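Dear colleague,

I am handing over the structure below, together with a short account of what was found in it. Please read the notes with the coordinates open beside them.

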Amino acid sequence: MPVPKERKATIMANQNNIPYKIYLEESEMPKYWYNVRADMKNKPAPLLNPGTHEPMTAQELAGVFCDELIAQELDNDTREYPIPREIADFYKMYRPSPLVRAYCLEEKLQTPAKIYYKFEGNNTSGSHKLNSAIAQAYYAKKQGLKGVTTETGAGQWGTALSMACSYFDLDCKVFMVKVSYEQKPFRREVMRTYGASVTPSPSDTTEVGRKILAEHPGTTGSLGCAISEAVEVAVTNPGYRYVLGSVLNQVLLHQSVIGMETKIALDKYGVRPDIIIGCAGGGSNLGGLIAPFMGEKLRGEADYRIIAVEPSSCPSFTRGVYAYDFCDTGMICPLAKMYTLGSNFIPAPNHAGGLRYHGMSPILSQLYDDGYMEAVSVPQTKVFEAAEQFARVEGILPAPESSHAIRVAIDEALKCKETGEEKTIIFGLTGTGYFDMVAYEKYHEGKMDDYIPTDEELAKFAATLPKF
């Protein structure tokens, strides 16, 4: 819905002529990644060796991850990591990403709230995932590796890593959650276009995959399953390492470029957010978006209301347990202390989108447990209702994952309409939904339902958590 000229003029005058899209000059671009752990009083609990239950050492992790990434993973103290020139040059292909004032959505909602979104979908991968993929591929190449293995859910991470590996001439082996592999063939073909091999998970190509298939016949898979297979392939093939697109400390570090850009753009125009909203699956997008704002909050310099939004069908924050758990279904990875539903948890097949991981980032889990942020879960029909509303007025077809944040941003804006408060809301638009048309089709045809696991189901999975 177009904004009337007189309304637009009033808004623009009140906002010091803030443009629809705020871009940064090259000289204003972030020169470093921000490590929020440096400002956390309570550091995230360390990864544990599943055999000894002792904190994992760099030497123990060396067979799975790249050396430099291990150093970043274990570093709780270094606040700023300079972005290597090669990565900064790659970023210039699609960064800075725009910070957009959602004037049309505000007008449609008739809300006094000011709504902004940071749009990360303006690159070939279609999402924010490329920010970390290029960094991890760079460090793998620098180490002299032959290739990397990984998992992917909806396909954004696999696409991003495939592109990054192609750029550095690395082999890329992707295990894609089976239900997404079948529902999103075009996403799969983009990965293959960039030279990656793509295998539906769980598969019969690995020992752990065959075990999962035997225990769960006909399973549609999960990220936990795919992680197990990718790790097995990495540790059994010389010259390969495993890389992950979310959850880990190193990934949130790389994704901090999102929040750094956002804060620089807001400071440029003197805008201070009241509410910051991000979708949450494993935590990479949310952690990246909120990083510098959370840093200010931790240091007592400012205060923000930060909201994590997750699907009701996979509610690790809102209904999970804060405990040590395996990062994968095959139970071959280290133990991480996080909000988790249990490593055996597999979302319902009708779950639309990539937010299907059983656990949450240890960093975000600690911050949530300490009360620095809040979390809500939303049913998927309400998510797609918001996605459609956003697409019709803002002109971008959002990814289902991003649409969780859109849902809550709209809800908060409508609350402002009721109270008359002029709050400033920012949310992360992680990417576009053009490969998610099967889900949109189900929504439009009334075939999408809101399956929500029962307390009894979740208790069954929670009972499998490691006990020590």
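Predicted model: local features only at pLDDT ≥ 70, side-chain atom pairs only at ≥ 80, totals over all residues.

I begin with helix α6, which takes in residues 130-142, 13 residues in total, and which reaches 18 Å from its first C-alpha to its last, close to the 18 Å expected at 1.5 Å a residue. This helix is mostly covered, in that 11 of its 13 residues are buried; among them are Leu 130, Asn 131, Ile 134, Gln 136, Tyr 138 and Tyr 139. Just after α6, Gly 144 takes a positive phi of about 85°.

The loop between β5 (114-119) and α6 holds Asn 123, which has a relative accessible area of 12% and, because buried means under 20%, counts as buried. The side chain of Asn 123 is joined to that of Ser 125 by a polar contact of 2.4 Å. If residues up to four places away in sequence are left aside, Asn 123 touches Tyr 94 and Leu 130, and Leu 130 is itself one of the buried residues of α6.

Turning to the pair of helices, how do α10 and α11 run relative to each other? The axes of α10 (residues 207-215) and α11 (residues 223-236) come within 8 Å and cross at roughly 150°, and since angles over 145 degrees count as roughly antiparallel, the two helices are roughly antiparallel to each other. On the α10 side the contact is made by Glu 207, Val 208, Gly 209 and Ile 212, and on the α11 side by Cys 225, Ser 228, Glu 229 and Glu 232. Sorted by class, this contact has three nonpolar, two polar and three charged residues.

With best wishes

Key
Residues numbered from 1 in each chain as written. Heavy atoms only, no water. Helix = DSSP H or I, 4+ residues; strand = E, 2+ residues; numbered from the N terminus. Expected span 1.5 Å × (residues − 1). Buried < 20%, exposed > 50% of the residue type's maximum accessible area, 1.4 Å probe, protein only. Axes fitted to C-alpha atoms, helices over the stretch in contact; angles between N-to-C directions. Parallel < 35°, antiparallel > 145°, perpendicular 65-115°, else oblique. Contact = heavy atoms within 4.5 Å. Nonpolar A, V, L, I, M, F, W, Y, C, P; charged D, E, K, R; others polar. Polar contact = N/O pair within 3.5 Å; in protein donor to acceptor, adjacent residues only side chain to side chain.
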